[in-house]
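Biologist: I have not looked at this one before. Can you put it up and take me through it?
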Amino acid sequence: MARQLVGLASCTLGEVKNRADLLIYWGANPMESHMRHLSRYSAMSKGMYTPEGRKGRKVVVIDVRPTPTSKNADIFLQVTPGQDFEIATVLRALVNGVALHGLTDNSLIGGVPLAKWQELAELMKQSSYGVVMFGIGLTQSRGKDLNIEQLSTLVSELNKFTRFYGIAMRGHGNVNGSNQVMTWQTGYPLAVNFNRGYPWYNPGEFSVVDMLHRKEVDAALIIATDPGAHLPYDIVRYLQSIPTIAIEPHKNLTTPWANVVIPVAPAGVGAEGTFYRMDNVPLHVKKIIDFPYPSDVEVLRSIKERVSNVKNRQRAGL
Amino acid sequence: MCKQITLILKTEPSLPVEAENITPDNLSSMDATEINNLLLWYGNEQRKLSEFFTVEISEVEEVDEFEEGTPLCHTRIIIKGDLIRFKRLGEGMSSGELLIEGSVGFHTGALMKGGTLIVRGNAGDWLGAQMEGGKIIVQGSAGHFIGSGYRGNPQGMRGGMILINGDAGQMVGSRMRRGVIAINGNCGDAPGYRMLAGTLLIGGVPGIRVGANMKRGTIILLKPGELLLPTFYYNCTYRCPVWGLLYRELKDQGFNLQCSNKDIYFKRYSGDGNEGGKGEILTCHSH
């Protein structure tokens, strides 16, 4: 949502590996959430222009608590929860040389003295290839998409001085895929309504949680996700009260109460397909073994065919 | 003579109804049969208006309250019932009057160009979003994104007036370009976010990040809440000459402000420094 308004200067993980000399992890703890990330793509990896690996890079962690990632960082800035927007605002001002009246070096911004943010702003400007990687610590704190909007603007403005990029630390397998496909098919990444036969986009109105919260849904088709584990309790209770179909390769917290469960072959194991990595790079995955179940695509295609036949019959008055 | 169309809700629908067809412009030339057959979106199918409402049409004589003796000639729609499930009522209307005697759902008066829209209860999110003219009065509270722009649109409200007697949600007047929004109660975070111009008055306590990234425009806070962002700078304390005009205009519209017109001083802050610092936030200093 933030990208739509202000854009985001971004790069691939390959560039991070080969070029980045300053890495900032903001609200992210990849040591625990993305285990191979540091060794393959970022802090620890050795690349074409970063032959020294970890020694040749500066690592900064901005988080609300010490984490395994922060223990291995050169600079750790422990901030007050919910102050990310204010921090990004001050960093923008420091980077652009905008005066901050009434603040001294000891003034606390997000629980950290201004002098520390000044040091970070200088570090960012002096780096030759900086990357800020932000996680749900930033996206789920007060302000949500506004935090990302402010950070994206900061990243764009840093490009006046050096090369600087931002990457979202997306979690779960292929969570980026639905956004990518939705974008190239409809022009919008999420919260798209097809009620009228054409796409209509409005997060807050057509996002899953909001629609279920307002009880605007009378049936649900759940594909490769687990609302029973991830959505708030009252929303799960409502989902349980309406007809639900789950297309899912595994047993999870949704399948026991879904009215219909259609087992499918897991993508990348029993079916081929395309995964989108967190830096938006598509990766083709092959089928490794045969499964007795069809793939998600086959199931969805046959459902669509049946629904079309029923609708055509209804239109013909049969 | 004014054409008065009264729509009485039969039962509250279980799914949302998109009712952008219900505007004085659309209904002014229709007879009762045409209005009954008007199509509204119910979920993913279209249904006739008569499935939701009972329609009554009458003609009333009214005189313009500002120009004595001048007879009024416009269409007034009165909708009775709890319209929480009804979205886009009065969307794009350019004349006449729409009176909602109850609460109403999302996008009410969005893209409005003229006329008057009155909500006796509460209003949902995106009230008057991207409106260009006219007047919206909500006697209860309203949701988020009042007078703001839709996602992807760099400009929000471009003209007109929105008056909320109760509280408001987050991001009121986000990216607004022109016009006036006045809220008598409290409001959520980031009012006037990325504001481009126009006037936003908040009578109660605002949330945090007031006027963040605003380029120009005026935000008036009668009860300043938490500290402003560090990219706003104190300029002076003064008697704002515009305040008297705005106060009188709001009083004329029946808006009950919790302060007086006289002996009121404002602290003026300019910002957002990150965006050029040409916007202003006026916080009430004494009254």
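Modeller: One definition to begin with: two residues are in contact if their C-beta atoms, placed from the backbone, lie within 7 Å. Keep in mind that this is a predicted model.

Biologist: Okay. In chain A, what share of the contacts with a separation of 6 or more comes from residues 24 or more positions apart?
Modeller: Such residues account for 59% of those contacts in chain A.

Biologist: And what secondary structure does chain A have?
Modeller: Chain A has 14 helices and 14 strands.

Biologist: How is chain A divided into domains?
Modeller: Domain 1 of chain A covers 2-168, and domain 2 covers 175-316. Their C-alpha centres are 33 Å apart.

Biologist: How many residues of each domain are in contact with the other?
Modeller: Four residues of domain 1 of chain A are in contact with four of domain 2 of chain A. On the domain 1 side, three of the residues are nonpolar, one is polar and none is charged.

Biologist: Changing topic, what box do the C-alpha atoms of chain A fill?
Modeller: Along the principal axes, the box for chain A is roughly 75 × 45 × 30 Å.

Biologist: What percentage of chain A is buried?
Modeller: Of the 318 residues in chain A, 33% are buried.

Biologist: Now the other chain. How many residues do chain A and chain B bring to their contact?
Modeller: Chain A brings 25 residues and chain B brings 18.

Biologist: What kinds of residues are on the chain B side?
Modeller: The side of chain B that touches chain A has nine nonpolar, six polar and three charged residues.

Technical notes: Residues numbered from 1 in each chain as written. Chains lettered and ligands numbered in written order. Predicted model: local features only at pLDDT ≥ 70, side-chain atom pairs only at ≥ 80, totals over all residues. Domains from an automatic or database assignment. Nonpolar A, V, L, I, M, F, W, Y, C, P; charged D, E, K, R; others polar. Helix = DSSP H or I, 4+ residues; strand = E, 2+ residues; numbered from the N terminus. Buried ≥ 20, exposed ≤ 12 C-beta atoms within 10 Å, placed from the backbone.
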